[in-house]
Amino acid sequence: KSKPVVKKAEEIKEVEVQPLPEQIKSSKPKKEKKEKKDKKDKKKQAKALGKSKGRNLGKIALGAFLAGAGIGHLTVLRDEFQAQVPSWVPADPDLVVLGSGVAEIGLGVSNLAAWRQPARSRVGALTAAFFVVIFPGNIAQYLERKDGFGLDTDGKRLIRLFFQPLLVAAALSTGETRKKR
């Protein structure tokens, strides 16, 4: 019979294990990998919600402005908006105001709700198109010298025309329509 070998702790030598080269590359602690992944995920989320706080605030302001204007079309500002409908529009001014009010409320709510692509850019493009479509009405207000909303001089009505392209640009910018999807 053989006796079990018992060694004293002092007799045992420690063996140093050298890692293989591929083990060295992947030897980052799991915590570091998780932190790196979390950071990457946060960047993706920030990108999905828009990189710029200013752009996001602009999107909120544009949505609120449109929803508020739309509500005004349907309620207390209805008569004022009817007076702005160009004489050459072949429809009842009240129907035009009601229709544009509903459209503005829809676009306003959509701007406030659509934060992720591709919905964000679609809403931005649709909002910009809406501003382009109503621009002839602004030109008619200038040419027909229709007063409304404090625009009671040719100079004020002319200045207002320069703001419509800014609204188009704001809709395209806040919708991030030029981003790759």
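Modeller: Ser121 lies in helix 6. Helices here are DSSP runs of H or I with at least four residues, strands are runs of E with at least two, and both are numbered from the N terminus. The model is predicted: local features need pLDDT of at least 70, side-chain atom pairs count only at pLDDT 80 or more, and totals for chains, interfaces and linings use all residues. Residues are numbered from 1 along each chain as its sequence is written, and side-chain values use heavy atoms, with hydrogens and water left out.

Ser121 counts as buried because its relative accessibility is 3%. Buried means under 20% relative accessible area, exposed means over 50%, and partly exposed is in between, with a 1.4 Å probe and protein chains only.

What does the side chain of Ser121 reach? It reaches the backbone oxygen of Pro118, at 3.1 Å. That is a polar contact: a pair of N or O atoms within 3.5 Å, where, within protein, one must be able to donate a hydrogen and the other to accept it. Residues adjacent in sequence count only if both atoms are side-chain atoms.

Now Pro118 itself. Its place is in the loop between helix 5 (93–113) and helix 6. The peptide bond from Gln117 to Pro118 is cis, with omega near 5 degrees. Pro118 is partly exposed, because its relative accessible area is 34%. The C-alpha atoms of Pro118 and Gly175 are separated by 9.3 Å, while the two residues are 57 apart along the chain.

Follow helix 6 onward and you come to the core. The largest nonpolar core has eight residues: Leu62, Leu66, Leu107, Ala128, Phe130, Phe131, Val168 and Ala171. Such a core is a set of buried Ala, Val, Leu, Ile, Met, Phe, Trp, Tyr and Cys residues joined through side-chain atoms within 4.5 Å. Helix 3 (53–74), helix 6 and helix 8 (163–174) each supply at least two of its residues. Helix 6 gives the largest share, three residues. In soluble globular proteins, nonpolar side chains tend to be buried together.

Leaving out residues up to four places away in sequence, Ala128 touches Val168, Ala171 and Leu172. Contact here means heavy atoms within 4.5 Å.

Next, the loop between helix 6 and helix 7. Arg145 is found there. Arg145 has a positive phi of about 55 degrees, although it is not a glycine. It counts as exposed because its relative accessibility is 57%.

Phe149 is found in that loop too. Phe149 also has a positive phi, about 60 degrees, and is not a glycine. Phe149 counts as partly exposed, because its relative accessibility is 40%.

Which aromatic partner does Phe149 have? Phe149 forms a tilted pair with Phe81, at 4.7 Å centre to centre and 50 degrees between the planes. Rings of Phe, Tyr and Trp (its six-membered ring) pair if their centres lie within 6.5 Å; planes under 30 degrees apart count as stacked, over 60 as edge-to-face and the rest as tilted. The pair links distant parts of the chain: Phe81 sits in helix 4 (residues 78–82), 68 residues from Phe149. Phe81 counts as buried because its relative accessibility is 16%. The structure holds two aromatic pairs.

One more ring. Lys59 lies over the face of Trp115, at 5.4 Å from the ring centre. The test asks for NZ of Lys or CZ of Arg within 6 Å of the ring centre and within 35 degrees of the ring normal.

Last, the setting. The chain has eight helices and zero strands. Buried residues make up 27% of its 181 residues. Among contacts between residues at least 6 apart in sequence, 72% join residues at least 24 apart.
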